[in-house]
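Here are some questions and answers on a protein model. Have a look at the structure first, then read on.

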Amino acid sequence: MRDNSTAPQAPAFTGRRWLFPSAVIHELDADGTPHGRTRRPRRTARDWAVDFTCFLLSVALGIAGADTVAGDGTLPEGLIVADQLLGALACAAVWLRRRWPAGLAVALTALGPISVTSGGAGLVALFTVAVHRPFRYVAWIGGGGLALVPFVLWLRPEPGMPYLAAVVLTVLLTVSTIGWGMFVRSKRQLMLSLRDRARRAETEARLRAEQAQRLAREAIAREMHDVLAHRLTLLSVHAGALEFRPDASREEIARAAGVIRESAHEALQDLREIIGVLRAGEPDDAGRPQPTLAALDTLAAESRAAGTKVTLVQRITDPAAVPASVGRTAYRIVQEGLTNARKHAPGAEVTVQVSGTPGDGLTVLVANPAPDGDVPPVPGSGQGLIGLTERATLAGGRLEHGPRADGGFEVRAWLPWG
């Protein structure tokens, strides 16, 4: 089996890489680097140009320092040569500033009191630390260098310049170098923070989209269960009647077959509409009108035609005034209650009560007594009640269900009607 954890991944940064610092590109590509592998970023064209410029700056400042040392007639020739040799080595070490910025800065800071020629390379190293390392490194190294400035200029004063002016100029140059480096670092950190913020926004948007899809699938699955369970229960009841009543009359067989055919047709029609919504991504109201409280009489008539005794009591003066979403939820609760009663208490009379007024809410009750005799368990028992509870909660109401004292079962729901 191939291990995908070490497979090469496409870099996260796809712009003109040669225009950006390698350190920034390395951070932008961090998500594409396999875990456990730390690879030093390669210099870009911009890095080579900056490094060469820093090298030339170090050499120019080193030459200026070498002229100052050579013009001091109090120093022996051997010390002048040693100063220039250390300055040349410091300028060459500038090319290592990206690999060991802190170590190089410490070494060149310590070398500053010995070699005036290495002063330019020391400033470059200090700038590099300010760019690539946190502030605590800059504070310790830069603070140490600034503390040495008065002693170095006291021991080796600048020709033609007062002592105080030389100290102030050197301190301002050092602080300006540190400030410039910290400014560059802050810009890079701002870029990386904006990158992280954009990625978090994309991740949150993707999670919201996935959550919306999941909720849509749950809604469709709940609708499929509510619709098909009722139709398929009718099919099961009438098919069972034909199976256990082979001596039924032709009229009874024809009536049962007609109910089976009609229920199968309705089930296929409902399933086709729901699948169409799933494919097209249209709202739930795109198909034929969804049933509401006005369809409870038709629902009760279907159950009576299937052989279930149903007593429907509606204490609502104007069912059309009930909001469509609340009415649909109430209809599904009654539908699922009738379906459960038909499965778990066949032959028992089911009482359906719907009452309510605007402001007080809508109350739905579906109850049935204990069945006659033992009833075999039905697969998937309880799933419809779980779906009804979720549906009522989403509508802002509540649903309770459980056995009654006489051995029957009831489902009671309250839905807001404001």
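Two strands pair if DSSP finds at least two bridges between them. Helices (H or I, at least four residues) and strands (E, at least two) are DSSP runs, numbered from the N terminus. This is a predicted model, in which local features need pLDDT of at least 70, side-chain atom pairs count only at pLDDT 80 or more, and totals for chains, interfaces and linings use all residues. Residues are numbered from 1 along each chain as its sequence is written, and side-chain values use heavy atoms, with hydrogens and water left out.

Q: Which residue in β5 is the bridge partner of Ala-367?
A: Strand β3 covers residues 361-368 and strand β5 covers residues 409-415; they pair in the antiparallel sense over seven bridges. In β5, the partner of Ala-367 is Glu-410.

Q: Which are the edge strands of the sheet?
A: The sheet is open and has five strands in the order β1-β2-β3-β5-β4, with mixed pairing. An edge strand pairs on one side only, and this holds for β1 (310-315) and β4 (398-403).

Q: At about what angle does helix α10 run to β3?
A: Angles run from 0 to 180 degrees between N-to-C directions, and axes are lines fitted to C-alpha atoms, for helices over the stretch in contact. Helix α10 (residues 324-344) lies across β1, β2, β3, β4 and β5, and its angle to β3 is about 5°.

Q: Is Asp-406 buried, partly exposed or exposed?
A: Buried means under 20% relative accessible area, exposed over 50%, and partly exposed in between (1.4 Å probe, protein chains only). The relative accessibility of Asp-406 is 48%, so Asp-406 counts as partly exposed.

Q: How far apart are the closest N and O atoms of Arg-404 and Asp-406?
A: A salt bridge is a side-chain nitrogen of Lys or Arg within 4 Å of a carboxyl oxygen of Asp or Glu. By this rule the count is one salt bridge. Arg-404 forms a salt bridge with Asp-406, and the distance between their closest N and O atoms is 3.0 Å.

Conventions:
Contact = heavy atoms within 4.5 Å.
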